[in-house]
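Me: I am new to this structure and would like to understand the words used for it. Could you walk me through them?

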Amino acid sequence: MAALTPEALLAQIAAGDLRPIYLIVGDDDYEKDKIAKAFQAAVPEDIQAFAFERYSAIETNDPGVVVNSARTLPFLGDRRLIVVTRAEKWFSGKRKGGDEASPDEDDDTGGEDLLEKYFERPEPASTVVFIAADVNRTFRLVKALVKQAVIVECWGLKDEKDPRGPATEMLNRAGRLAAGLFKRAGMTIDRDALQPLLAHAGTDIAILRGDVERLILYCHGRKAVTTDDVDAVVSGMALLNPWGVVNAVEKGDAREALRQIRVITDAGEAPFMTLGQIGWWVRNKLPQMGSPDRVRAAVDAVFRTDLAMKSSGGEPRILLERLVVELCARARTGGAGGGAGSATRRAWP
């Protein structure tokens, strides 16, 4: 069917000109998330409980659930709106990140048949939005989807999934994007620092956005990002200290906390384990160092981060980085002493 740019789609949503089926595909998670939020905002907040639903194909194995929802007439308003994230599970046989779908999972071919029939005759009073990292256009189900859907491709730094020709234009786009993100944060980046930043991300916009956000957090309070900053945040090396994040937070050292998060996540440590350690410190150590108000605020920050992680409210690494920056401001007491990983004291349990 029709193809739109992300900008044209957002204008269409703002105008209220919604079509029955959309397919949003690509590797730019930020852009896809912005589109998903725009679709949700198109439904008045006071009737979203009745007219808006959001599913994850990873958590919802049966596509028939989405079909049944789409076939239900709107209770309030004149349209139901359904967003399905991680739809690559249904349309490519793979999960985000290239993991093959488990053979033990029941993909429910009956549900897929219902979905294919829905594509042949979509409900005019519903809008169903499928958001996927990629789709396999050789699948019969995907062919039926593509025939009916408005397709929006979000390939970030690329014009298409597999661009041809020199990479110069993609690098130029990456440079403009990074400079724009720093400018929005009130910062600039040195030309010499930009090159290793772009080299690390390549054509992967998710890596570039993550690196830029970490640098913005790392350089908080300064106007310029230097080569040393990029080396420390993006390509620096450090020994793995299981309690390094908590040690840095205890000292109020946001830069070191961010560096430690990068080190442990690069080493494959589970984000929830790090969050658990931070939670333990907030409950058991911070009350000895700060006022009750400061402790309550820190507990609330940990709770919000935990909730966001469990509800797919953001990239876990970025959520942890935001948390430690917030906590470091609350943890500066000047008398914390040796850290959790110190050789002269027992590591925290």
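Reply: Among the buried ones are Ile 205, Leu 208, Asp 211, Val 212 and Leu 215. This is a predicted model, in which local features need pLDDT of at least 70 and side-chain atom pairs count only at pLDDT 80 or more, while totals for chains, interfaces and linings use all residues. Residues are numbered from 1 along each chain as its sequence is written, and side-chain values use heavy atoms, leaving out hydrogens and water.

Me: What makes a stretch a helix or a strand, and how many does the protein chain have?

Reply: Both are DSSP runs numbered from the N terminus: helices are H or I with at least four residues, strands are E with at least two. The protein chain has 16 helices and 8 strands.

Me: How do you know that the span of H10 agrees with its number of residues?

Reply: The expected span is 1.5 Å times one less than the number of residues. For the 14 residues of H10 that gives 20 Å, and the end C-alpha atoms are 20 Å apart, so the two agree.

Me: Why are H9 and H10 called oblique to each other?

Reply: Their axes, lines fitted to C-alpha atoms over the stretch in contact, cross at roughly 140 degrees, with angles running from 0 to 180 degrees between N-to-C directions. Under 35 degrees counts as roughly parallel, over 145 as roughly antiparallel, 65 to 115 as roughly perpendicular and the rest as oblique. The pair H9 and H10 is therefore oblique.

Me: Which residues of H9 and H10 meet?

Reply: Contact means heavy atoms within 4.5 Å. Leu 197, Leu 198, His 200 and Ala 201 in H9 meet Ile 207, Leu 208, Asp 211, Val 212 and Leu 215 in H10. By class, this contact has 7 nonpolar, 1 polar and 1 charged residues; Ala, Val, Leu, Ile, Met, Phe, Trp, Tyr, Cys and Pro count as nonpolar, Asp, Glu, Lys and Arg as charged, and the others, Gly among them, as polar.

Me: Why is Glu 112 called partly exposed?

Reply: Glu 112, in helix H6 (residues 109-120), has a relative accessible area of 23%, which lies between the two cut-offs, so Glu 112 is partly exposed. Glu 112 is 50 residues from Asp 62 in sequence and 7.7 Å away in space, C-alpha to C-alpha.

Terms used: Buried < 20%, exposed > 50% of the residue type's maximum accessible area, 1.4 Å probe, protein only.
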